[in-house]
Amino acid sequence: MSKIRVLSDQIVNQIAAGEVVERPASVAKELLENSLDAGATRIVIEFEAGGRRLLKIADDGEGMNRDDAVLAFERHATSKIKTADDLAAIGTLGFRGEALASIASVARIDLMTNTEENAAGTRVIIEGGRMRDVKDAAHPRGTTITMRDLFFNVPARRKFLRSEATESFHLTNLVTHYALAHPEISFTLTNNGREVLRAPVANDLRERAYQLFGEEFLENLLEVDGGHPQVVRVQGYVSAPRDRRTSRDAQYLFVNGRFVRDRLISRALSEGYRAILPHGVYPAALLFLETSLEEVDVNVHPAKTEVRFRRNAAVADAVREAVRNALASAGHVRVEEAPAVQTEVKLPQAPASPPSERIAAAAPAQQERIAFAVSPATLNEAFRSPSLESAAAYALSPVSIPLEPVAFESAAVDSVANTAPPVEVQSTEAIPRPSPEMPPLNSAEKFVREVAVESLSAGIRPLGQLDDSFIIATDDDGLLLIDQHVAHERILFDKYRRLEATRSAESQNLLIPETFDLTPAQAAVFEALSPELESYGFDLMRLSGRTVAIKATPADLPASEARNMLAEVLDTVDAEKKGAARETVRDEIAASLACHAAIKVNMTLAPEKMRWLIDRLVLTSSPTTCPHGRPVILRLTTKDILKGFHRI
Ligand code: ADP
Ligand code: MG
C-alpha cells in the first residue's frame, strides 16, 4: 500500500493558517488589508478579550456579490491577480488568495457583504472551514466580517496566545499603523466596548499623527522628505537625537502603503544617525517608502511583512540620506557631511566602471563615516604629536598603493567608451583621499579589548576625556577607555534596582505636574505597568482620555527626560512579561531609567566627576557591561603597546 496521500483542503488550510494566522492581530492585518484593497473610506474595528473571543471589522468598500462571497473562502481564490506576470507588479496589499481560507479554517466566521445599496446582501457562515449557511441578508454597501473563538478547533495553537493585555496591545498597535498609513480613511477601534482610537478622515500624515499621538509627539519629530528620483521616495518623520529608545519598536516602516519589518530600511535609518546616536540606541520613525511596483518584490513571505528591493543599495542610500538631511536641516549634523555617499547613489549613470573601482572609491568614504562625531580638525590636532605622525605615515602607505592601479584600470575602460580623460579626472577627485595624518581606523582593532571583570584593579586613574565622551584612564596593566554614559548607566541601574528591592525608592515631586499623552497602544499597557513604575518613584495619575499627569519622578531622572523614559518603557516592555517574570519587567524599567538619567556623551566632565564615576563603577555588580549588554570599558594593555612599537 502506498504511504503518501494528498492532504484534504481542510488540513492544507490549517497548515497555511500556521503561517498566516499567528495571533488575533495577524487576522486583523489580513482583514484590514482586504478592506483597504476594497477601497473603503471608513473602517470600524471592534474586539473583545484580546481578539480571541471576537474580532469584527466593518468597511464601506466595494463589497462582494453572492458568488464571490462564497468563493472568497476557497484557497487561492483572489480577485487581485490573474496571471503570473501580475506577480511582478503587485499594486494591492493582498494577492495570495489564502487569508480568508486560512482564517476560516481556525475560527468561526460570519461575513455580511453587499455591492450596492438597496440590493439584497449576502451572509456566509463558516466554522472551522465548514460552510454552515449562505443566505440573503440586509447590509449596506461594504463588508462586515466577524471572527469568533480563534483557534477553537486547534487547542495547541490556542495555548500559544498570550495574555489579553498583550494581544490587545498587538491589535491596537497594528490598527494604529494602518491608520497612520491611510490618513484619507476614517478608523475607529473599540476594545471590550471602550473606544480606544478614533481618527476621522485627515488631510495628511501630520494631521493623522496628531489625531493618534497628540501634539507633543509631533513637536519632537523632524520631517523627512527625500529619496532617489528613479528608485524610491522617502517621506515621514523621525525623532530628534535626544529621543532615545533601546529597541526598534517605535519604528514604523511602510513600503507602498504596506506595513513591513525590514532590516535594510531600519539599518539605513540607524546609519542616518551615525555618530549622533550611540550603538544600541534607536530613533523613533514613521517612514513611508514609495517605489514603482516593479522595484519591489512583496511575494517573499506568507504574512507579507517582508519585501525585497530590486536595487537594495540605492534604497538604503536613499533612506540614509533622507534621514541625514532631515537631521541636517534641524541643525543636528553639519549639512556638508550629508552628500558623502551621493557618488554611490549616482552609480547607475556609469555602468562601465569595474566593481573594483566602486569598492576602492567607497572604502575611504566609509572610513570617514565610521568616525565618531569627531571633526577632522580635532583628529588632526590629536594626531599631531611627533611619534604618532610618523606611525601614521607608515601605516598609510599600503592603503594608498592600490588606488593607483585602479585609476589606470578605469581609465582604460573609459577610453574604450570614448569619455576617458574627463571622467577619470573627476572620479579621482571625487574620491576623498585619507589625509596623511590619519592612521587607518582599524589600526588598533586587534589590540583594544573589552575588559574582563577579574582584570579590573582598584587603582584606576583618570587622565582626561576623549571627544567629551570617553574617559581615558590608566591602571597597572595599561590604558583604559571608559564610555561615560554606559558607566553611569551601570551605576544608576544598580542603585535603582537596590532601592526598588528594598521598597525605598526616592521620588522628586514636580512643581507643576507634566502631562503625557499616551498612544493607543501605550494606553493598553499603562494600567498593567503603572504599579511597577510607581515602585521606582513615579507618581502617575490617569486623567481623562489618554492623558496622564506625571506628579513625581524617580530621583536623579531629569524632569525633561521623564516623558521619553515613560514612552520607552510603555513601548517596549512587553505586557506578557508581567506575572511570570516580574523581575524582567523591573529590570527593563530600571535599565530605561538608568539610560535616561545617566550623563550623556558629548559632555565635558570635571576631573572630580571622572574620579567619582570610576570609583562608583568598580563597586557595581558588573562594572564591565552596561544593563543593555554593551561593554563599558575597553583596554589597551602596556604589553600590546610595547608590541605595537616593536619594543618586544
Ligand atoms: P487576497 O486578499 O489575497 O485576494 P483573501 O483570502 O484575503 O485573498 O480574500 C479573497 C478575496 O475576497 C479577495 O481577493 C477579494 O476579492 C475578496 N474580499 C475579501 N475581503 C473583502 C472585503 N472586505 N471587501 C471586498 N472584497 C473582499
Ligand atoms: Mg487579503
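In this predicted model, the axes of helix α18 (residues 520-534) and helix α20 (residues 582-597) approach to within 10 Å and cross at roughly 65 degrees. Axes here are lines fitted to C-alpha atoms, for helices over the stretch in contact, with angles running from 0 to 180 degrees between N-to-C directions; helices are DSSP runs (H or I, at least four residues) numbered from the N terminus. The two are therefore roughly perpendicular (65 to 115 degrees). The crossing of α18 and α20 is right-handed, that is, the near helix is turned clockwise from the far one by less than a right angle.

Helix α18 also meets helix α6 (residues 164-181), their axes coming within 8 Å and crossing at roughly 165 degrees. The pair α6 and α18 is therefore roughly antiparallel (over 145 degrees), and this crossing too is right-handed. Turning to the other partner of α6, helix α2 (residues 24-37) packs against α6 at an angle of about 20 degrees, with the axes 9 Å apart. Helix α2 is therefore roughly parallel to α6 (under 35 degrees), and α2 passes α6 in a right-handed crossing.

Ligand 1 is surrounded by 18 residues (each with a heavy atom within 4 Å), and the closest are Asn-34, Thr-78, Ser-79, Lys-80 and Gly-97. This shell divides into 7 nonpolar, 7 polar and 4 charged residues, where Ala, Val, Leu, Ile, Met, Phe, Trp, Tyr, Cys and Pro count as nonpolar, Asp, Glu, Lys and Arg as charged, and the others, Gly among them, as polar. Polar contacts (pairs of N or O atoms within 3.5 Å) can be followed residue by residue. An N or O atom in the side chain of Ser-79 is 2.5 Å from an oxygen atom of ligand 1. For Lys-80, a polar side-chain atom lies 2.7 Å from a ligand 1 oxygen, and for Asn-34 the corresponding value is 2.8 Å. Taken alone, ligand 1 exposes 530 Å², of which the protein buries 94% (Shrake-Rupley method, 1.4 Å probe).

Residues are numbered from 1 along each chain as its sequence is written, while chains are lettered from A and ligands numbered from 1 in the order in which they are written. Local features need pLDDT of at least 70 and side-chain atom pairs pLDDT 80 or more, whereas totals for chains, interfaces and linings use all residues, and side-chain values use heavy atoms, with hydrogens and water left out.

Definitions and conventions
Polar contact = N/O pair within 3.5 Å; in protein donor to acceptor, adjacent residues only side chain to side chain.
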